[in-house]
Amino acid sequence: MSVHTAHTHPGPRETDSGAIAKVAVMLLGLLVGVLGFFALLMWADARGADKSAASTAAAAPAALSGQEAAPAPAAAAGLESYAGAAPANADALAEAHTPFPATLPAAPSGPVAHVNLVLKDIDTQIAPGIKYAAWAWAGGAPGPVIHVRQGQLVKITLTNEGAIPHSVDFHAARVAPDKAFGDVMPGKSVSYTFRANDAGVFMYHCGTKPVLMHIANGMYGAIVVEPTPGVLPKADRDYVLVASEWYLSSDGLGQPAQFNMDKAHARVPDWMTFNGYAGQYVKHPLVAKPGELVRFWVVDAGPSIDTDFHIVGTVLNTVYPFADMNPAHALHGVQTATVPAGGGGVFDVSIDKPGLYPFVSHSFAAVDEGQVGLLNVGGVPGTMSH
Ligand SMILES: [Cu+2]
């Protein structure tokens with residue numbers, strides 16, 4: 001990842017007001033109102049365009065009004081990318097980071113699985129040295145991996161320790177959402193139950209409006225509903241990956257970055273991660289022994305971009321597409337499989353040759369933005385980037 005100097009750029013609030021001031025000056029200066037109106041239209045257009053297109057369009061209003069070309073107005077800077085920002089000690093920070101536990105925890109025994117979730121506003125890190133003011137869970141983002149058995153009754157208790165109302169929507173549930181997924185006020189708890197009849201890996205997330213913002217701020221996680229014993233071949237290792245993207249208001253090197261709605265609408269993330277932190281399994285690879293059956297339970301939390309799951313150096317032996325766990329529906333010998341935003345996918349792989357095998361979203365901008373990890377087969381030394 002390249003270091004860049006995004007911290008020298010003005011924040012969106014300053015730049016927005018700067019733009020308004022500029023437009024106001026321009027309007028006052030122009031006796032021909034029509035021309036000012038046209039320039040405003042250009043300005044509005046630039047807001048929706050991508051960064052490079054916006055930079056080009058940005059010069060137009062000044063040229064039209066006969067003024068000297070000014071620096072790109074703030075509207076263009078609204079989509080300023082902070083991708084790849086890193087402090088000088090990023091490598092040491094990556095090394096010191098404790099990775100989110102990707103290993104699937106054991107499912108509780110008995111007829112009822114009790115799940116306690118606590119929502120919390122916390123400053124977290126989404127990449128080495130990149131701070132983000134998240135609306136997340138007590139342990140950060142994603143929320144805890146939940147593992148239950150098909151047919152178990154799941155009792156969810158949600159406690160809101162955040163500052164505003166939140167909720168939790170379980171994709172694994174068949175319940176009336178207006179009853180189960182309603183808002184929980186700050187300081188309050190709610191409970192509801194559902195029977196986990198559908199096997200697979202499912203997203204859970206806050207469903208409070210604007211949902212885009214609540215998800216992008218970290219309010220998501222995965223629940224694995226393990227199929228009835230005997231349906232799947234037994235895996236030697238089970239790993240859970242939650243893919244997501246992050247839209248930043250600043251580079252996050254100093255003050256924690258916040259959510260940027262313009263970038264989220266334009267779907268231009270700054271960072272993309274597995275389990276909430278860019279590249280964490282590159283420094284701290286997942287492990288397997290040669291020939292072991294490794295099962296990846298993948299959820300794409302989005303909020304908006306699909307994951308094209310791929311493991312470099314091998315072929316996915318078995319794909320349970322969209323986490324449909326019926327073996328009769330499984331695919332075999334697949335290079336890359338899509339996990340849609342808001343969906344899941346389950347992937348079995350068995351690798352004979354020791355080595356370092358990157359797992360990625362092969363939509364490759366995602367890799368540059370952090371959605372990459374390593375599977376170390378056979379305990380080989382070293383690391384690599386991809
Ligand atoms: Cu929320």
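Helices (H or I, at least four residues) and strands (E, at least two) are DSSP runs, numbered from the N terminus. What you see here is a predicted model, where local features need pLDDT of at least 70, side-chain atom pairs count only at pLDDT 80 or more, and totals for chains, interfaces and linings use all residues. Residues are numbered from 1 along each chain as its sequence is written, and side-chain values use heavy atoms, with hydrogens and water left out.

Let us start at the metal. His166 (ND1), Cys206 (SG), His214 (ND1) and Met219 (SD) coordinate the copper ion at 2.0 to 2.5 Å; donors are N, O and S atoms within 2.8 Å of the metal (3.2 Å for Na, K and Ca), and since water is not among the atoms, sites may look incomplete. Along the chain, these donors follow the spacing H-x39-C-x7-H-x4-M. His166 belongs to the loop between strand 4 (153-160) and strand 5 (169-170), while His214 sits in helix 7 (residues 211-216), so the pair ties together parts that are 48 residues apart in sequence. His166 has 0% relative accessibility and so counts as buried (under 20% relative accessible area, with exposed over 50% and partly exposed in between; 1.4 Å probe, protein chains only). His214, at 2%, is buried as well.

Now for the backbone. Ala141 and Pro142 are joined by a cis peptide bond, with omega near 0 degrees, and Pro142 is found in the loop between strand 2 (130-137) and strand 3 (146-149). The bond from Lys209 to Pro210 is also cis, with omega about -10 degrees; Pro210 lies in the loop between strand 7 (200-205) and helix 7.
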